[in-house]
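The paragraphs below lead through the structure one region at a time. Please keep the sequence and the coordinates at hand while reading.

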Amino acid sequence: MLKKIMLAQTILLFVVVSGFSLTTTEKKPVPSPWNESMAEASANRIKPPVGEVTPVYWVDEIPVIDGIFGEWEGFDGPTTRVVVLGSSHDPKDGEARFVLKTDGSTLFIYSRVTDDIVNENKLSGSMAWRGDSVEMFIGIDTSSHKKYKMTDNQIRLVPVSKDDPFAFEVSINDVTKTSQVSAAFSYNEDGYEVEAAIPLSILMIKELKPGQKIKCEFQLNDADDTERDRLVHWMSEKDDPWNDASVWGKGQVVKKGEE
């Protein structure tokens with residue numbers, strides 16, 4: 001009887017130890033995309049332009065969303081140069097310049113992207129960050145906060161077709177809003193351009209007015225093959241603007257010539 005009890009205890013101990021071993025041999029966490037082991041040393045990378053303020057131009061003559069971009073000439077805006085994922089900054093492969101305008105009720109966005117391998121993006125809006133696309137983040141609550149407030153927004157503009165400039169997808173906070181937005185894309189030999197008009201109402205922003213301060217960030221997603229292999233920001237050094245509004249930069253609504 002004693003031998004049976006000792007045998008049962010030995011089996012139980014083996015099972016417990018085996019189970020413990022199985023639960024403590026999990027795979028190590030995968031390094032985050034901004035880990036230096038996946039890119040060049042930070043000393044060789046461009047730092048965020050701390051203190052730079054993005055102008056949002058107050059305009060009476062609103063841009064026509066037609067894929068012809070002359071109305072954006074002469075206006076300034078931020079450029080994404082802070083490489084989060086990928087090799088060091090290359091202005092010919094992974095850079096996006098943005099310009100913002102508003103008439104008080106609509107946000108107008110323009111971006112000029114340089115990309116040596118440009119692809120159509122057939123992914124749905126919520127997943128389109130995995131392919132070629134541009135994003136901007138905007139909010140009117142300028143207090144220090146991480147969690148998104150009601151007026152904080154992530155906007156993703158997605159090029160869909162090289163043949164049809166009006167084929168696009170737009171997501172706002174990962175919800176497709178294509179039918180509520182106007183946009184046009186144009187591909188060229190070294191990248192693409194996009195212009196879009198987004199009603200402030202779907203951003204939960206009542207209005208924008210001259211002198212008003214905002215928070216914003218800008219992002220370029222670049223996929224040379226099937227998955228994003230380059231991520232470039234204006235301000236943040238990590239892949240966190242999508243869930244942390246505290247890393248966004250600053251902006252202000254201004255009239256042309258007063259920026």
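**A walk through the predicted model**

Leu85 is found in strand 2. Asp229 is 144 residues away from Leu85 in sequence, yet the two C-alpha atoms are 6.7 Å apart in space.

That pairing of residues can be set against the protein as a whole. Among contacts between residues at least 6 apart in sequence, 66% join residues at least 24 apart. The protein has 13 strands and one helix, and the order along the sequence is α-β-β-β-β-β-β-β-β-β-β-β-β-β. Of the 259 residues, 46% are buried, while the protein exposes about 13700 Å², of which carbon and sulfur atoms supply 56%.

How do strand 1 and strand 13 pair, and over how many bridges? Strand 1, which covers residues 53–58, pairs in the parallel sense with strand 13, residues 249–255, over six bridges. Within this pairing, Val56 stands opposite Val253 of strand 13. Strand 13 is also joined to strand 11 (residues 213–222), here by four bridges and in the antiparallel sense; Cys216 has Gly249 in strand 13 as its bridge partner.

Gln212 is found in the loop between strand 10 (191–199) and strand 11. Its relative accessibility is 16%, so Gln212 counts as buried. Once its neighbours within four places in sequence are left aside, Gln212 is in contact with Ile140, Glu207, Gly251, Gln252 and Val253. Val253, it may be recalled, is the residue that Val56 stands opposite.

A search of the whole structure finds nine aromatic pairs. One of them is formed by Tyr57 and Phe75, whose rings are 5.0 Å apart from centre to centre with 75 degrees between the planes, an edge-to-face arrangement. This pair links distant parts of the chain, since Tyr57 belongs to strand 1 and Phe75 to the loop between strand 1 and strand 2 (82–85), 18 residues apart. Tyr57 and Phe75 are both buried. The rings of Phe69 and Tyr110 have their centres 5.7 Å apart and their planes at 55 degrees, so this pair is tilted. Because Phe69 lies in the loop between strand 1 and strand 2 and Tyr110 in strand 4 (residues 106–114), the pair ties together parts that are 41 residues apart in sequence. Phe69 and Tyr110 are buried, and together with Trp72 they form one aromatic cluster.

Which charged residues sit over the ring of Phe75? The charged end of Lys101 sits over this ring, 3.9 Å from its centre. Lys256 lies over the face of Phe75 as well, at 5.3 Å from the ring centre.

The salt bridges come last, and their count comes to 10. Asp93 forms one of them with Arg230, with the closest N and O atoms 4.0 Å apart. Since Asp93 lies in the loop between strand 2 and strand 3 (95–102) and Arg230 in strand 12 (residues 230–233), the pair ties together parts that are 137 residues apart in sequence. Asp93 counts as buried because its relative accessibility is 10%, and Arg230 counts as buried at 6%.

A further salt bridge joins Glu135 to Arg156, where the closest N and O atoms are 2.8 Å apart. This pair, too, links distant parts of the chain, with Glu135 in strand 5 (residues 133–139) and Arg156 in strand 6 (residues 153–159), 21 residues apart. Glu135 is buried, with a relative accessible area of 2%, and Arg156 counts as buried at 2% relative accessibility. Glu135 and Arg156 are also linked with Asp174 in a network of salt bridges.

Terms used. Residues numbered from 1 in each chain as written. Predicted model: local features only at pLDDT ≥ 70, side-chain atom pairs only at ≥ 80, totals over all residues. Heavy atoms only, no water. Pairing = 2+ DSSP bridges. Helix = DSSP H or I, 4+ residues; strand = E, 2+ residues; numbered from the N terminus. Buried < 20%, exposed > 50% of the residue type's maximum accessible area, 1.4 Å probe, protein only. Contact = heavy atoms within 4.5 Å. Phe/Tyr/Trp six-rings, centres within 6.5 Å; stacked < 30°, edge-to-face > 60°. Lys NZ or Arg CZ within 6 Å of the ring centre and 35° of its normal. Areas by Shrake-Rupley, 256 points an atom, 1.4 Å probe, with all protein chains shown as cover. Salt bridge = Lys/Arg side-chain N within 4 Å of Asp/Glu carboxyl O.
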